[in-house]
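Student: Please take me through the contacts in this model, one interface at a time.

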Number of protein chains: 2
Amino acid sequence: MRHLSICQALDAEELTQLEDIASDSVFDERVVLFHEEDEASSVFNLTAGVARLIRSLPDGRRQVTGFALPGDFLGLSLEKTWRYSAEAVTPVVACRFRRSVFEAFADKNPQLIKKMHEFASHDLNMAQDHMVLLGRLTAEEKLASFLVEMKKRWSRIAGHEPGLIRLPMGRQDIADYLGLTIETVSRVINQMQRDRKLVIVPDGIRFVDQNYFDALAL
Amino acid sequence: MRHLSICQALDAEELTQLEDIASDSVFDERVVLFHEEDEASSVFNLTAGVARLIRSLPDGRRQVTGFALPGDFLGLSLEKTWRYSAEAVTPVVACRFRRSVFEAFADKNPQLIKKMHEFASHDLNMAQDHMVLLGRLTAEEKLASFLVEMKKRWSRIAGHEPGLIRLPMGRQDIADYLGLTIETVSRVINQMQRDRKLVIVPDGIRFVDQNYFDALAL
DNA sequence: AGCTGACATTGACGCAGATCAAAAACAGCC
DNA sequence: GGCTGTTTTTGATCTGCGTCAATGTCAGCT
């Protein structure tokens, strides 16, 4: 079970070695996994739950730069300090590596570094997509893109209910992810429901008119 | 001269090897270095000039995701296709590597891959900064942040005139970088000049009130 | 069941920045 | 210099989304 998400870069032997330096941590809802500018002494791999990744401005404005889902890694950049905070949106279980040990391990496994670079490149693409969203999309397009993205990501996760788009994060988190206010997020989603584009259900939403979303999403 | 910008990751011997697989290319103003979704068959290292990195939407809306300055690398992610276009803002000279050869070289030099990963991590940080800018800053704050960023980046480039913040890109490019319109960019900059925060000079601007910019910038 | 606190929805109104339109500045070029 | 096309600036007006304020909904607790 845990093997699946731990690291696709390694063969069986390397995996066993990696597991030796890993330990599981659990975080309750709202708990901070790590804080912007703290020393980055761990690498995390989420095994269950959802976390929000946040950059804050001195005056309290927030930008959620992403949501971490099961399987996602945090801290692969191996920089000395965290550049963002991570908070548990739901209870989170994460496989945790001491950074110094992980780094030493990576130095001996070029294939792992290459994989880490691929992960970083992928994250950079996602970040650039998100720049387009933040800079150039309307509120309706932002919501459509977000929902399509979440549908795609959940669909890759074993045991998800197909069709259900789980939204464990609150409206405020969605707003801070999309560069909107909570009121606009609420208005747009509810307007979509009135227009029969989606239905709001417990824990998330379901698409009624997939074409509508595909046409609007980035 | 060129040695300085080619690759800080390598020792003298490796550098010589790398140079053997490199060739210089020049691009006139407005010329496309490569296009979104084209096969990525090269890796570039700018040696002179400035390029804009662009993601476009089907309806013509654009997001400039960044500007490449001398010393910057393009294509280090080693993905099969480009995810953005690059166009010369000024005449550009770039050191170009055939991707297949560069990749083979990297596979034999773990230190180079590690350096590439560091570059990607740095770019990811920049991208996250830019998400905060796009999602949460006002027009005035966006311009201040952009100008401070450009000042910082030019100051690291040998032969720049200290104090001058060169802006070779047009107002439209700045607007597409900041998620604004060209009119707003023009208005904000000219208002700053009226307020004696900066002066507009040929090829760029100069700060008059550095404190003002430091206080506003991200 | 009723209470409590957190979160979401809805409505009325305002404003930062977009849009539309025109004039001004500038760069090449003959 | 004068002509031409491009980019920038400036002004007037509009609007999408933010702000402010109230009300509604739901989960957990006693």
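**Contacts with DNA and within the protein**

Tutor: Of the 18 residues around DNA strand D, those that come nearest are A:Thr184, A:Arg187, B:Arg30, B:Ser186 and B:Arg187; a residue counts as near if one of its heavy atoms lies within 4 Å of the strand. This is a predicted model, in which local features need pLDDT of at least 70 and side-chain atom pairs count only at pLDDT 80 or more, while totals for chains, interfaces and linings use all residues. Residues are numbered from 1 along each chain as its sequence is written, chains are lettered from A and ligands numbered from 1 in the order in which they are written, and side-chain values use heavy atoms, with hydrogens and water left out.

Student: Of the atoms of DNA strand D within 4 Å of the protein, what percentage belongs to sugar or phosphate?

Tutor: Those atoms are divided between sugar or phosphate on one side and bases on the other. On the phosphate side, a polar side-chain atom of B:Arg171 lies 2.9 Å from a phosphate oxygen, and one of B:Ser186 lies 2.8 Å from a phosphate oxygen. The share of sugar or phosphate is 63%.

Student: Which element gives the most to the surface near DNA strand D?

Tutor: A phosphate oxygen of DNA strand D is 2.8 Å from an N or O atom in the side chain of B:Arg30. Elements here are DSSP runs numbered from the N terminus: helices (H or I, at least four residues) and strands (E, at least two). Those that give two or more residues to this surface are α7 (182-194) of chain A, with α6 (171-178) and α7 (182-194) of chain B. The most, six residues, comes from α7(B).

Student: How much area do chain A and chain B bury between them?

Tutor: Buried area is the accessible area (1.4 Å probe) that two parts lose on being put together, summed over both. In this pair, 41 residues of chain A are in contact with 41 residues of chain B, where contact means heavy atoms within 4.5 Å. Carbon and sulfur atoms account for 59% of the buried area, and the total is about 3,600 Å².

Student: How many salt bridges are there between chain A and chain B?

Tutor: A salt bridge needs a side-chain nitrogen of Lys or Arg within 4 Å of a carboxyl oxygen of Asp or Glu. A:Glu141 and B:Arg61 form one, with their closest N and O atoms 2.8 Å apart. The count between chain A and chain B is eight.

Student: Which element gives the most to the side of chain A that touches chain B?

Tutor: Two or more residues of that side come from each of β5 (62-68), α3 (99-107), α4 (110-136) and α6 (171-178) of chain A. With 20 residues, the one that gives the most is α4(A).

Student: Within chain A, what area is buried between domain 1 and domain 2?

Tutor: Chain A is divided into domain 1 (2-132) and domain 2 (137-216), with bounds from an automatic or database domain assignment. Their centres, taken over C-alpha atoms, are 25 Å apart. The contact takes 16 residues from domain 1 of chain A and 14 residues from domain 2 of chain A. Carbon and sulfur atoms give 62% of the buried area, which is about 1,300 Å².

Student: Which residue meets A:Asp173 in a salt bridge?

Tutor: Across the interface of domain 1 and domain 2 of chain A there are four salt bridges. In the one with A:Asp173, the N to O distance is 2.8 Å, and the partner is A:Arg62.

Methods. Polar contact = N/O pair within 3.5 Å; in protein donor to acceptor, adjacent residues only side chain to side chain.
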